[in-house]
Amino acid sequence: MRGASPWQRGVRNESQVLICPDCQRLHDLDLDSCATCKSTALICRLGEVECRSCGAVRMARSSETLGPASVAPPPGLSAEVEAALNRVLGRA
């Protein structure tokens, strides 16, 4: 199925999250907000949090400061990613 997705992006505890259509109806999603304009229209990528409303960019806090919310990748994930890259890039 192509076209616009009913899911929306947000940032919660310095991590990019997807918000399902049912949850979008809630008034308090506990999303992070921009320190400049207070908008919750944020995206988190490559260690930065950017406000889609005013364009303010700040460095995301490191995972060490976030505490137990950070999760280790599942075992074997790096091997799966490497194999997928090799297939896509045509490596032997």
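First, the ground rules. The model is predicted, so local features need pLDDT of at least 70 and side-chain atom pairs count only at pLDDT 80 or more, while totals for chains, interfaces and linings use all residues. Residues are numbered from 1 along each chain as its sequence is written, and side-chain values use heavy atoms, with hydrogens and water left out.

Start with the fold. The protein chain has 3 helices and 5 strands. Here helices (H or I, at least four residues) and strands (E, at least two) are DSSP runs, numbered from the N terminus. In sequence order the pattern is β-β-α-β-β-β-α-α. The protein chain has 92 residues, and 16% of them are buried. Buried means under 20% relative accessible area, exposed means over 50%, and partly exposed is in between, with a 1.4 Å probe and protein chains only. For contacts, the cut-off is heavy atoms within 4.5 Å. Of the contacts with a separation of 6 or more, 16% join residues 24 or more positions apart.

Now the hairpin. Strand 1 and strand 2 pair in the antiparallel sense, over 5 bridges. Pairing requires that DSSP finds at least two bridges between the two strands. Within this pair, Arg9 stands opposite Leu18 in strand 2. The hairpin has 2 residues between the strands.

As background, most residues other than glycine have a negative phi. On accessibility, Asn13 is partly exposed at 46%, whereas Glu14 is buried at 8%.

That brings us to the salt bridges. The rule is a side-chain nitrogen of Lys or Arg within 4 Å of a carboxyl oxygen of Asp or Glu. By that rule the count is 4 salt bridges. In general terms, side chains of opposite charge can pair when their charged atoms come close. I will go through some of them.

Arg58 is partly exposed, with a relative accessible area of 31%.

Arg12 forms a salt bridge with Asp30, with the closest N and O atoms 3.5 Å apart. Arg12 lies in strand 1 (residues 8–12) and Asp30 in the loop between helix 1 and strand 3, so this pair ties together parts that are 18 residues apart in sequence. Arg12 is partly exposed at 37% relative accessibility, and Asp30 is partly exposed at 45%.

Another pair is Glu50 with Arg45, where the closest N and O atoms are 2.4 Å apart. Glu50 is partly exposed, at 24%, and Arg45 is partly exposed, at 43%.

Next, Ala41. Where does Ala41 lie? Ala41 is in the loop between helix 1 (21–24) and strand 3 (42–45). Ala41 is partly exposed, with a relative accessible area of 31%. Leaving aside residues up to four places away in sequence, Ala41 touches Glu50, Cys51, Arg52 and Ser53. The Glu50 in that list is the salt-bridge partner of Arg45. Ala41 and Val11 are 30 residues apart along the chain, and their C-alpha atoms are separated by 8.0 Å.

Last, the largest pocket. On a 1 Å grid over the protein atoms alone, where a 1.4 Å probe fits, a pocket is an open set of points with protein on both sides within 12 Å along at least five of seven lines, and lining residues have an atom within 4 Å of a point. Grid points are joined across faces, edges and corners, and the volume is the space filled by probe spheres set on the points. The largest pocket holds about 190 Å³ of space.

How many residues line the largest pocket? The number is 13, and Gln8, Ile19, Leu29, Leu31 and Thr40 lie nearest its centre. By class, the lining has 5 nonpolar, 4 polar and 4 charged residues. Ala, Val, Leu, Ile, Met, Phe, Trp, Tyr, Cys and Pro count as nonpolar, Asp, Glu, Lys and Arg as charged, and the others, Gly among them, as polar.
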